[in-house]
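The exercises below ask you to work through charged side chains and their surroundings. Try each task with the structure in view before reading its solution.

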Amino acid sequence: MSDTDTDTETNARDPASTSLRTPIVAVLGHVDHGKTSLLDKIRGSAVIEGEAGAITQHIGATAVPLDIISTIAGDLVDPDDFDLPGLLFIDTPGHHSFTTLRSRGGALADIAILVVDVNDGFQPQTLEALDILKRSETPFIVAANKIDTVPGWNENEDSPINDTYESQSDRVRSRLDEQLYEIIGNLSDEGFSADLYWRVQNFQRNVGVVPVSAMTGEGVPDLLAVMMGLSQRYMKEEMEIDVQGPGVGTVLEVKDEKGFGTTIDTVLYDGTIRADDQLVVGGQNEPIVTDVRALLQPRPLAEIRTESRFEKVDEVGAAAGIKVAAPELDEAMAGAPVRVVRNRDLNDVIQEVQAELADIAVDTGEEGVVVKADTLGSLEAMADALDEAEVPIVRAEVGDVAPRDVSVASTADDPKQRVILGFNVDTLSDAERRAEADDVTIFTDEVIYQLIEEYEEFVEEMEQAQQ
Ligand code: GDP
């Protein structure tokens, strides 16, 4: 089928075929600091402000258009000042979705929100998130969350105040100031490059840290305004896409879906995917060449009864989250590239996918520990951390800990290397049994540096026992 057969109205109006896409936003931070609540609040505000259906639910993401952001943010966002279409929030907060996302430039999402609980400050996963942000040079904004828990913060300042109240209010503000100051101080201690921070600092005073409450919604308009403003100001050029071009994206998740077999939840960041496209997807062993069977979007809640949760669509354009059903996807990996072949040489596309995968590949040696992680991005993060800790790696793969990993680990001569380190993955029960029999130790954790600490303690104990 030629390009013109499926031209959309938008394309017809836009012969140059370039357009600005929605920036992709990921939310990171320590567990319980309020990532999910913040996303819920943003989605909830968008639903309240919008006409029914104005915010679109994607697979794995929520698109909040500019006009809704402007309604939520009031005076802070004048839609006439912007030509980016809005913001696309990745729905699964945490490292998982973030380290999964990858764009051509190697950045993970276009922009990130780092959520920090003002009472709890920087915690292990905050630091880990910062590390990932730094390595991927992803610009981010800190949402200093739970300001409603700072006593008195929510008192109405316009109410008739007596001396006692005034001083109380001052105390509260200065306490919050201290907390925010500490967060900013921590950021500079982390040694952020001027470039990364520049996008934030140049925008407006105090913009690096936006105080919010995911519970009351206070500060959410400011946060949205800042995100929108920064994106417009610093990312416009990166958001230019070819709306008719062959789609480019990454696998967010590989999922079995009743009636569709193995599907890939995909974030598309350039071009389009159509229901009759041929695709190349990064796989465990080699690129997978396949044909789209169906493109699936979630059905609005009201329409879900006994029928499928999904609605088939003919085409989607970036930026979007879409579920792709196609044969042969069993070996697809979270974090791997997805490319539409349309009108291009298949071998060229395969080579591009191979090159992108090689770029992510982890250096392994003859000896070392076995590493498993949930996504390519987190595998890379693990490998970097192990490199820093001077722990060699013999095998590094995406996926749960399986019996063959135990086989590899059990061949190590050095008992310190009869080890499997799994980040954000499960251990298959066969593998567990086998590890016990073969004297292989499996460590799994959801925080990289805790995982490495556990391993280092294990090594230390072993060395002490040997003395
Ligand atoms: P996540 O693990 O980072 O996704 O954190 P959650 O969004 O699940 O929040 C953890 C807990 O903190 C929940 O009990 C939330 O209700 C609570 N929480 C989140 N944001 C706020 C906030 O702004 N104020 C208050 N008081 N509680 C919050």
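A salt bridge is counted where a side-chain nitrogen of Lys or Arg lies within 4 Å of a carboxyl oxygen of Asp or Glu. The model is a predicted one, in which local features need pLDDT of at least 70 and side-chain atom pairs count only at pLDDT 80 or more, while totals for chains, interfaces and linings use all residues. Residues are numbered from 1 along each chain as its sequence is written, and side-chain values use heavy atoms, with hydrogens and water left out.

**Exercise 1.** Find what joins the side chains of lysine 146 and aspartate 117, and state where each residue lies.

Solution. The two side chains meet in a salt bridge, with 3.3 Å from N to O. Lysine 146 lies in the loop between strand 7 (140–145) and helix 6 (163–189), whereas aspartate 117 belongs to strand 6 (residues 111–117), so the pair ties together parts that are 29 residues apart in sequence. Helices (H or I, at least four residues) and strands (E, at least two) are DSSP runs, numbered from the N terminus. To judge exposure, take buried as under 20% relative accessible area, exposed as over 50%, and partly exposed as in between (1.4 Å probe, protein chains only). Lysine 146, at 24%, is therefore partly exposed, and aspartate 117, at 7%, is buried.

**Exercise 2.** Decide whether aspartate 405 is buried or exposed, and do likewise for its salt-bridge partner, lysine 372.

Solution. Begin with the contact, a salt bridge whose closest N and O atoms are 2.7 Å apart. This pair links distant parts of the chain, since aspartate 405 is in helix 11 (residues 403–410) and lysine 372 in strand 20, 33 residues apart. Aspartate 405 has 0% relative accessibility and so counts as buried, and lysine 372, at 2%, counts as buried too.

**Exercise 3.** Work out how exposed glutamate 352 and arginine 344 are.

Solution. These residues form a salt bridge in which the closest N and O atoms are 2.6 Å apart. Glutamate 352 has a relative accessibility of 26% and therefore counts as partly exposed; arginine 344, at 34%, also counts as partly exposed.
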